Amino acid sequence: MKKLAALALAACLLLAGCAGGPAKSADLSAVQAALSAQYDLSGMMALSEDDLLDMYGVKTEDVKQYAALIAKTSTSADEILLFEGRDADAAARIKAQLDKRYQAKLNEAKDYLPDEYAKISACKVETSGNYVSLIVSADAQAMKKLYQDSFK
Amino acid sequence: MKRFAILLLACAIALIPALAAAPRALADDQVGSFLPLDPADYPKPVTHRPLGLAEGDPVADKYFNDAVFIGDSITLKLQRYVTARRNDGGSCLGRAKFLTAGSLGSGNALWDVSSESVHPSYQGEKMRIEKAVELMDAQKVYIMLGMNDVAYYGIEESIENMKKLVALILERQPSAEIFIQSATPRIAASHSKPTNRMLFDYDLLLYNACVENGWNFVDVAYVMRDENGCLFDAYCSDPEDMGMHFTDEGCEAWIDYLTTHAKGASK
């Protein structure tokens, strides 16, 4: 019985170790700054906390930190949305809102902006822990790598 | 005496066509006229004066606090411009809200909401326009739609769809005042439909509908047209493509027109 308990304890410790200890985190303001330094984002503008609710239905109380940029023109689908939810439930709510946003972007571009539609189609909403992201850009893959590499 | 009476009658009969035509010819100069405008009276897609609300002193920004702007990608650019101004710490159209979606028209606004529909979202939820207006408790409802309607539905049906949409809005939000904005033109280099002639004719009939129904008409397109009825190149952000979307300069002209052509503004 003692041996079994010890084995179970060892298994638990091993599993905890495999989980990687403390979760990795990223400073989203720093990510935005790095993206701005590396890519020409002059055609985009930063969004305020009020905009998050008005435009995406994301509630401030769900957001621990964020970086949100959107194209200044209505004919570009470019959008960079990076969020850290306050907890897993908050992250799930944010993801649900970004999924709706993603679908709306697809619908709106489908009939009159074929190039933008293709750009949006190549991107998707992604989740990592409490972090949720949607990066729509011609450079989306490289931007996503920069974002993912910022987790420590 | 009889001869005089016959002469008088003959003169009157001869004058009837002239009398009927005269007011129409003057109609676009007579803001508030109840005589319907006829596109056939306009050889070029231009009016000599703006239709609808007259120019006045600029209203304060707070005038727009209870306003919502409904529109397609043309108004979406206005929304982006206003958002940028506000986020830079400036004041722009008060706290006016926006209900915009690329491809939106008065026709597809009447469709049921579905995963494929292009209804605008309010706080992240896609919904019918009339429902969003009610939730916002908007008291001034500015609408600019038509670019995605005229070529597809034709002018008459587009007007009918607009009437249906406004009726639905007023059913849910009876206290709202309606401000219909004229659909803005495209640059001279644009040759696809809708043409500037189609958009202009649509605007005239939209104006007629406003007069008939007691809605305000805000002739934003008037300041966007050159002498041939084309969008000024300086106001166009996509000259190589659709030739209809605005630059920041175009948005500034739009906002200036809105603030100087408000309800109750006086000069």
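Select strand E2 of chain A, residues 63-71: seven of its nine residues are buried, so the strand is largely enclosed by the rest of the structure. A residue counts as buried if 20 or more other C-beta atoms, placed from the backbone, lie within 10 Å of its own. Strands (E, at least two residues) and helices (H or I, at least four) are DSSP runs, numbered from the N terminus. The model is predicted: local features need pLDDT of at least 70 and side-chain atom pairs count only at pLDDT 80 or more, whereas totals for chains, interfaces and linings use all residues. Residues are numbered from 1 along each chain as its sequence is written, and chains are lettered from A and ligands numbered from 1 in the order in which they are written.

**The sheet of chain A**

Strands pair if DSSP finds at least two bridges between them. E1(A) pairs with E2(A) in the antiparallel sense over three bridges, and Ala46(A) stands opposite Leu69(A) in E2(A). With strand E3(A), residues 79-85, the antiparallel pairing of E2(A) extends over seven bridges; here Ala68(A) stands opposite Leu81(A).

Now display the whole open sheet, whose five strands have the order E1-E2-E3-E5-E4 in chain A, with antiparallel pairing. E1(A) and E4(A) (125-128) stand at the edges, each with a single partner strand, so one side of each is left without a neighbour in the sheet. On average, neighbouring strands of the sheet are turned by 15° against each other, direction ignored.

Select H2(A), residues 28-38, next. This helix packs on the sheet, touching E2 and E3 of chain A, and its direction makes about 25° with that of E2(A). Such angles run from 0 to 180 degrees between N-to-C directions, with axes fitted to C-alpha atoms, for helices over the stretch in contact. Contact requires C-beta atoms, placed from the backbone, within 7 Å.

Helix H4(A) lies across E3, E4 and E5 of chain A and runs at about 15° to E5(A). Follow H4(A), residues 88-110, to H5(A), residues 114-121: their axes come within 8 Å and cross at roughly 155°. That makes H4(A) roughly antiparallel to H5(A) (an angle over 145 degrees). Show Lys105(A), Leu106(A), Ala109(A) and Lys110(A) of H4(A) together with Glu116(A), Tyr117(A), Ile120(A) and Ser121(A) of H5(A), which make the contact.

**Where chain A meets chain B**

Select the boundary between the chains, where 22 residues of chain A are in contact with 22 residues of chain B. On the chain A side, E1 (44-46), H3 (49-56) and H4 are the elements that give two or more residues. The largest share, seven residues, comes from H4(A).

**A strand in chain B**

Finally, move to E5(B), residues 140-144, which is mostly covered, with four of its five residues buried. Five bridges join E1(B), residues 67-71, to E5(B) in a parallel run. E5(B) also pairs in the parallel sense with E6(B), residues 177-181, over four bridges. Centre the view on Val141(B): this residue is the bridge partner of Val68(B) and stands opposite Ile178(B) in E6(B).

Key. Angles under 35 degrees count as roughly parallel, over 145 as roughly antiparallel, 65 to 115 as roughly perpendicular and the rest as oblique. Two residues are in contact if their C-beta atoms, placed from the backbone, lie within 7 Å. A residue is buried if 20 or more other C-beta atoms lie within 10 Å of its own, exposed if 12 or fewer, and partly exposed in between; C-beta atoms are placed from the backbone.
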